[in-house]
Amino acid sequence: MGMSVTISAATEQDAEQIFRLQYLCFQSEAALYGNYRIAPLVQSLDSVREEVAADLVFVARLGDEIVGSVHGRSTEDAAAAIGKLCVHPRLQGHGIGARLLRAAESALADERGARMFRLQAGHRSESNLQLYSKVGYQRVGTSRGTDGVPMIVLEKTADSYAATA
């Protein structure tokens, strides 16, 4: 039978696979907006390494292959920013993204004291917005990405994390 997907904290050795996975996964987002300058596509490998070293980055593994990742970091307002959630296109729709989100939320609450989780999704990214809604995120506003893409800002409290975990 097939292997199961495991979720774990990323290590420095994972940076290159995360870098490649982001590039693959965010192609569809870039196409959706006609903008191939979105942050995950222009991020350098050194920058991914820095994130893995400084922040909370989780990966989904299928054997030795990284098939999903998510990035979380503390912010100054006792919140946590979650971003760059991606799952390999061949494995989307199997709950891996939700599992990665739960791992990030748990670590951000338990290890970094986050009381609120905040993330953003492109305004046309319906499947992403559906996932975030399904796991308890509420739309709270809009912003514009550094690349000019209109974004929807979503939040949920750490208390609601406990209810959906």
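Tutor: A salt bridge is a side-chain nitrogen of Lys or Arg within 4 Å of a carboxyl oxygen of Asp or Glu. The model is predicted, so local features need pLDDT of at least 70 and side-chain atom pairs count only at pLDDT 80 or more, while totals for chains, interfaces and linings use all residues. Residues are numbered from 1 along each chain as its sequence is written, and side-chain values use heavy atoms, with hydrogens and water left out.

Helices (H or I, at least four residues) and strands (E, at least two) are DSSP runs, numbered from the N terminus. Arg118 has a relative accessible area of 25% and Asp77 one of 46%, so each is partly exposed; buried means under 20%, exposed over 50%, and partly exposed in between (1.4 Å probe, protein chains only).

Glu105 and Lys156 also meet in a salt bridge, at 3.3 Å from N to O. Because Glu105 lies in helix H5 (residues 96-112) and Lys156 in strand E7 (residues 150-157), the pair ties together parts 51 residues apart in sequence. Both of these residues are buried. Elsewhere, salt bridges with shared partners join Asp77, Arg118 and Glu155 into one network. The whole structure contains eight salt bridges.
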